[in-house]
Amino acid sequence: MALLSPYSADQPTDTLRIVHVDIPRYVERSKHVFYLVQCGVVVPGGRTLRFEVWRRFNDFVSLHASTYLMLGLPSPFPVKKRLFHGDTVRQERALQLQAYLCVSAAAAAKVAEATPLLHQFLGVDARSLASSPPPPTVATPTPVDTPATLPRTADEASPPSTAGTAEAATPLSA
């Protein structure tokens with residue numbers, strides 16, 4: 001279930017706005033849990049693009065460490081780390097991480113310095129999207145740094161191998 005970030009309808013359309021964040025699933029690979037983070041971003045001109053990226057729990061902790069002061073969030077990361085956990089705990093954690101990202105997105109909308117950090121975490125390349133023309137209706141926009149091997153739909157999506165990095169994001173047209 002996607003949570004909406006509380007943006008007002010009168011916000012300018014000349015900036016990127018995160019309009020929803022969702023963590024629809026997770027997988028375990030080599031004893032590490034990867035969470036599929038999807039977000040919807042309204043770009044200049046009113047188009048909405050969807051991006052997805054795989055992140056580990058420690059990636060969320062790092063994001064929090066670099067932004068909590070700017071965003072006015074509590075110091076300790078609000079989602080607890082557990083060493084041994086089953087499927088129920090992973091589902092609860094995914095919902096907590098999703099709620100955390102929604103709160104962060106809402107706060108980042110008011111703090112210019114934090115917005116690029118959150119966009120980077122979500123795999124959104126604001127510079128290339130802001131300057132790119134609208135894509136054809138059947139084409140999927142692809143930032144320059146997106147590896148061609150990543151899936152194009154959520155059904156095809158699978159987490160990166162643990163030998164690689166969870167940094168790459170796949171943009172999906174809305």
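Start by selecting Phe121: in this predicted model its relative accessibility is 6%, so Phe121 counts as buried. Keep Phe121 on screen and look for the charge on its ring. Arg55 puts its charged end over the Phe121 ring, 4.7 Å from the centre.

Phe60 belongs to helix H1 and Phe121 to helix H3 (residues 115–122), so the pair links distant parts of the chain, 61 residues apart.

Which residues join Phe60 and Phe121 in a cluster linked by ring pairs? Select Tyr26 and Tyr35, and you have the cluster together.

Now slide along to Phe57, also in helix H1 (residues 57–71). Phe57 comes out at 8% relative accessibility, which means it is buried. Its partner is Phe77, in an edge-to-face pair with 5.6 Å centre to centre and 75° between the planes. Phe77 sits in the loop between H1 and helix H2 (87–108), 20 residues from Phe57, and this pair too links distant parts of the chain. Phe77 is at 12% relative accessibility and therefore also counts as buried.

Before you leave Phe57, pick Arg93: you'll find Arg93 over the face of the Phe57 ring, at 4.1 Å from the ring centre.

Conventions: Residues numbered from 1 in each chain as written. Predicted model: local features only at pLDDT ≥ 70, side-chain atom pairs only at ≥ 80, totals over all residues. Heavy atoms only, no water. Phe/Tyr/Trp six-rings, centres within 6.5 Å; stacked < 30°, edge-to-face > 60°. Helix = DSSP H or I, 4+ residues; strand = E, 2+ residues; numbered from the N terminus. Buried < 20%, exposed > 50% of the residue type's maximum accessible area, 1.4 Å probe, protein only. Lys NZ or Arg CZ within 6 Å of the ring centre and 35° of its normal.
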